[in-house]
Amino acid sequence: MDIALLGGTGDIGEGLALRWAYDTSHTVIIGSRDAERAENKAEEYATELDSRGVESSVAGYENGEAAARADVIVCAVPAYHLTDTIEAVADDLEEDDVLVSPAVGMKRDEEGMHYNKPGAGSVTALAAGAAPDDVSVVGAFHNLAADRLANLDAELDVDTLVVGDDEDAVDTVSALADAIDGLRAVSAGGIANAAEVEAVTPLVINIAMNNEGMHDVGVKFH
């Protein structure tokens, strides 16, 4: 499968790119608004993987071209860039493509991080509203510690909650999550439930901020 990470030069994009390239045989495509930046990051990731004896297929392109080359497109951008990014690549998406949003709206005050619920109900719902009608949208990878994800020496033992209204798309994204060693996909229902999933992210960050030795905390359901 061909996976594009729009905003793949950022923290969560880096982690997912490295893990998929390291743990699977999928083709990983790095996207950025700046093609040269995408190419440089792809080369950086390939060098890291090569140092570990992994022959990888990582390439970098401008976001639109990255999206056009992929079956699954992960919008690994901040929530405030999400709809603009999707609208910019809409013409490059095809029927049966799957669009994935890990974005969470948050605000911070002196007490910590808080979920900033958008008018659409969730950031995943915003993504669904911006995407073409024939492209399925799935919310996933919200609650992962980006630093740990990008550290290939660190073992994972965490879950990612997956929401979506298209069962086949949810199955596709869940299989991609499960393919990362130590990551398990857990279905949380449809996009109507996305706000509850996204709200876990500021909770996890607050736990990390307030407890020594829990910088890379994640969630695990039993």
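This report walks through a few spots in a predicted model.

## Ground rules

Because the model is predicted, local features need pLDDT of at least 70 and side-chain atom pairs count only at pLDDT 80 or more, while totals for chains, interfaces and linings use all residues. Residues are numbered from 1 along each chain as its sequence is written, and side-chain values use heavy atoms, with hydrogens and water left out.

## Helix H5 and its cover

Let's begin with helix H5, residues 123–130; helices here are DSSP runs of H or I with at least four residues, strands are E runs of at least two, and both are numbered from the N terminus. Its buried residues are Val123, Thr124, Ala125, Ala127 and Ala130. Buried means under 20% relative accessible area, exposed means over 50%, and partly exposed is in between (1.4 Å probe, protein chains only).

What covers those buried residues? The cover includes H4, S5, strand S7 (112–115), strand S8 (136–139), strand S9 (158–164) and helix H8 (194–198).

Asn206 sits in helix H9, residues 200–210. Asn206 counts as buried because its relative accessible area is 18%. Setting aside neighbours within four places in sequence, Asn206 is in contact (heavy atoms within 4.5 Å) with Gly112 and Met113.

Thr24 is in the loop between helix H1 (11–23) and strand S2 (27–32). At 16% relative accessible area, Thr24 is buried too. Not counting residues up to four places away in sequence, Thr24 touches Arg19 and Ala179. Thr24 and Met1 are 23 residues apart along the chain, and their C-alpha atoms are separated by 9.8 Å.

## An exposed loop residue

Now for Asp96, found in the loop between helix H4 (79–89) and strand S5 (98–101). Asp96 counts as exposed because its relative accessibility is 66%.
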